[in-house]
Amino acid sequence: MLTVKEIQYIIHGCLDHDRICQRKLFDFTSAKVMSTCKRYCTNHEDARDLFQEAYIKIFKSLGSYNHTQGDLLGWVYSITKNCIFSSFSKKKLEIFPIDEISSDDNILIQVDHDLLQEEEVLREIQNLPDGYRIILNMFVFDCMDHAAIAGILGISESTSRSQLNRARNLLKKKLELLYNTKYEKSFI
Amino acid sequence: MKKVSFDHWLKLIIGKESMPVDNDLEWELLLPKLEKKRRRRGIVYWILLPVTVTCLSLMYFVSMQPSSIFKIASIPDSQSMEVNNVRKDDLTNTVIDKKNNQTNILIHPQKLLSQKISKQELFTKATQFKSDLTKNDPSLFAEQDNTADGNSFIEKSQDSPNNLIIFQDSFSINSSGQAPPFDSLSISLLPVSIHGQLMNEQNFSSNLNLIESSKNVRHKKSFKVDMCLLGTYGKLFQSLNGSGNGYLTRKTLERPLDVFSATILFQTDLKSRLKFGIGLDYQYALLQLNQHFLDTVTQILYGVIVAEKTNAQNVVSYDTGSINVRNFRNVSRKLYHSRTLLSIPAIISYQYPLNRKWSLSYHAGISVPVYQEFSGRISNNSLRSLDLDNYGENISRNKLPCSVLYGMQVVYSIRPGIKWMLGLAGSSEIGYWRDLENSIGERHNSLRFQAGLSYRIR
């Protein structure tokens with residue numbers, strides 16, 4: 001982890017367009033930014049575009065970062081999220097309402113599913129339809145409630161809720177299939 | 001088997017962020033899209049630049065205004081070159097011969113010829129001009145008949161080169177020593193000059209009006225002011241003075257780069273070739289700091305999860321874990337810092353005419369600084385080049401040493417009152433200005449190319 005003094009030095013350098021400092025910040029935060037971008041995109045190329053867009057925004061608005069208001073990684077993450085969300089409005093993403101199914105936030109999974117690799121799980125998330133993937137990401141990883149998701153995506157809360165449930169079920173089904181194929185073992 | 005929440009499980013798996021990112025590749029791809037560092041120009045630059053452009057445009061616009069064929073020259077004596085009583089007026093393209101208390105005005109008729117005006121036509125027009133002047137003020141040519149050659153107001157010069165026409169007026173100082181209606185000083189206001197335009201009634205009347213309006217001021221001493229707009233660009237030199245680690249570090253790592261300045265100067269005549277000028281100067285000096293250091297790079301080598309099926313039901317997995325590897329790389333980088341200075345220059349210049357259009361101008365003077373501002377960072381009082389302080393943090397903004405100014409220019413007269421100049425200018429600070437905290441003295445000198453325009457505003 002970087003100390004406050006190191007962070008201040010890096011920020012000062014980045015504001016001076018110092019490539020070394022920019023690279024330091026990049027190395028420090030790239031894993032988080034890239035994994036966030038990958039979660040929201042269907043392929044690596046789209047993720048890379050978002051990743052680059054996010055860093056351009058990060059370096060541009062670094063002057064507004066105040067270390068007393070939170071850690072640098074959190075700030076970078078929130079900038080990345082904003083960048084991703086604003087890309088949705090550019091793309092004019094359409095999420096169609098579907099029939100609401102019974103909401104179940106307590107879908108369980110067996111612990112030995114830990115054997116699935118991160119990359120495999122991520123690939124399955126990326127293969128979800130747009131609406132499912134985005135809402136699942138927002139709800140599960142970014143801890144947003146349905147009202148906030150609905151506000152950002154311009155949909156109703158019920159649509160958000162139903163899309164999330166469908167996403168969960170579909171993903172779970174896909175993971176089960178993957179696990180069974182890999183280990184010849186089925187869920188109980 | 002233990003069951004956990006699906007959401008929680010997803011977070012645990014994906015939230016590990018253990019997927020390797022090829023930072024070098026991603027950085028290479030990102031780099032062209034990042035903003036490059038721009039050399040910062042101070043706000044004064046953005047004020048002076050439009051002002052300069054506006055002034056130049058105005059000067060150009062004014063100079064393009066049509067002028068009359070017979071124009072009352074408003075050139076003071078100091079602008080003329082006097083040799084054996086013959087005063088050659090560079091700007092009005094005339095030669096005034098004051099021999100025998102008479103004023104002969106010689107005009108090079110090249111421009112007239114280029115306008116295809118015949119000499120006969122010129123003669124007619126000039127006679128008309130004279131007659132109009134007389135009509136307006138009969139006393140103007142009162143003594144004309146007494147002159148030896150009063151009738152030849154215009155004639156072809158016998159002993160002059162081809163195409164030279166003599167305008168001979170009759171403003172002579174009478175024997176009683178009293179000044180005629182227009183005395184010798186006013187003669188310089190009366191000569192005609194050619195600007196390649198056809199003369200018409202309107203031009204006559206405007207000239208006459210000018211004569212009328214200038215009557216009241218002719219006996220006063222003329223006070224002329226030139227406005228000069230100058231831009232310079234050149235090499236900056238820096239000398240440091242002090243002791244200790246900070247001094248050594250700065251001396252080794254700092255390199256002065258360039259300097260540019262924009263100056264507005266108001267000049268007035270002191271003597272025939274001597275001028276005094278005062279104005280405002282904005283100067284921007286850029287310096288470079290070279291840093292060399294070892295940068296630590298931490299590389300994460302991620303492990304893999306090895307899963308092994310021991311029997312039909314059980315799976316044993318091993319995580320090989322990840323390790324951090326520390327590498328070092330040599331890094332060289334450049335940082336830039338700058339100093340902005342506002343000062344009041346006061347200079348004396350000497351003009352040495354080469355011919356009708358060209359002259360050399362030498363200047364020397366002093367510049368009194370009024371305000372300075374710094375930006376960027378420099379090495380602080382230590383041997384480590386990475387430890388940086390804000391440039392000019394402990395330097396007084398106001399107590400600054402004066403600078404000596406010197407230089408020379410080649411001056412070209414484009415039109416009466418408008419000159420273009422190109423040359424070299426130097427400035428040298430008299431003393432060191434100090435950082436109060438670590439007592440490192442700094443002194444800047446510069447040698448610059450200078451270009452500009454001078455316009456007579458009064």
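**Note on chains A and B of a predicted model**

1. Chain A has eight helices and one strand, and, read from the N terminus, its elements follow the order α-α-α-α-β-α-α-α-α. The model is predicted, and this should be kept in mind for every point below. Of the 188 residues in chain A, 36% are buried.

2. On confidence, chain A has an average pLDDT of 81, with 84% of its residues scoring at least 70. Within chain A the highest confidence belongs to helix α3 (residues 44-60), at a mean of 90, while the lowest belongs to strand β1 (residues 108-110), at 66.

3. Helix α2 of chain A, which spans residues 19-40, bends by about 55° at A:Thr29. Because 16 of the 22 residues of α2(A) are buried, this helix is largely enclosed by the rest of the structure.

4. The next point concerns a pair of helices in chain A. The axes of α3(A) and helix α4 (residues 72-91) come within 9 Å of each other and cross at roughly 125°, and the two helices are therefore oblique to each other. The crossing of α3(A) and α4(A) is right-handed.

5. Turning to chain B, strand β13 (residues 323-353) and strand β14 (residues 358-375) run antiparallel and are joined by 16 bridges. The two form a hairpin, with four residues between β13(B) and β14(B), and one of the facing pairs sets B:Pro345 opposite B:Ser367 of β14(B).

6. Strand β14(B) also pairs with strand β17 (residues 403-415) of chain B, in the antiparallel sense and over ten bridges. Here B:Ser359 has B:Val411 in β17(B) as its bridge partner.

7. Strand β17(B) is joined in turn to strand β18 (residues 418-429) of chain B by twelve bridges, and these strands run antiparallel; B:Met408 stands opposite B:Leu424 in β18(B). The hairpin of β17(B) and β18(B) has two residues between its strands, and B:Gly417 in that hairpin takes a positive phi near 90°.

Key: Residues are numbered from 1 along each chain as its sequence is written. Chains are lettered from A and ligands numbered from 1 in the order in which they are written. This is a predicted model: local features need pLDDT of at least 70, side-chain atom pairs count only at pLDDT 80 or more; totals for chains, interfaces and linings use all residues. pLDDT is the predictor's confidence in each residue, from 0 to 100. Two strands pair if DSSP finds at least two bridges between them. The bend at a residue is the angle between axes fitted to the seven residues ending there and the seven starting there. A residue is buried if 20 or more other C-beta atoms lie within 10 Å of its own, exposed if 12 or fewer, and partly exposed in between; C-beta atoms are placed from the backbone. Axes are lines fitted to C-alpha atoms, for helices over the stretch in contact, and angles run from 0 to 180 degrees between N-to-C directions. Angles under 35 degrees count as roughly parallel, over 145 as roughly antiparallel, 65 to 115 as roughly perpendicular and the rest as oblique. A crossing is left-handed if the near helix is turned anticlockwise from the far one by less than a right angle, and right-handed if clockwise.
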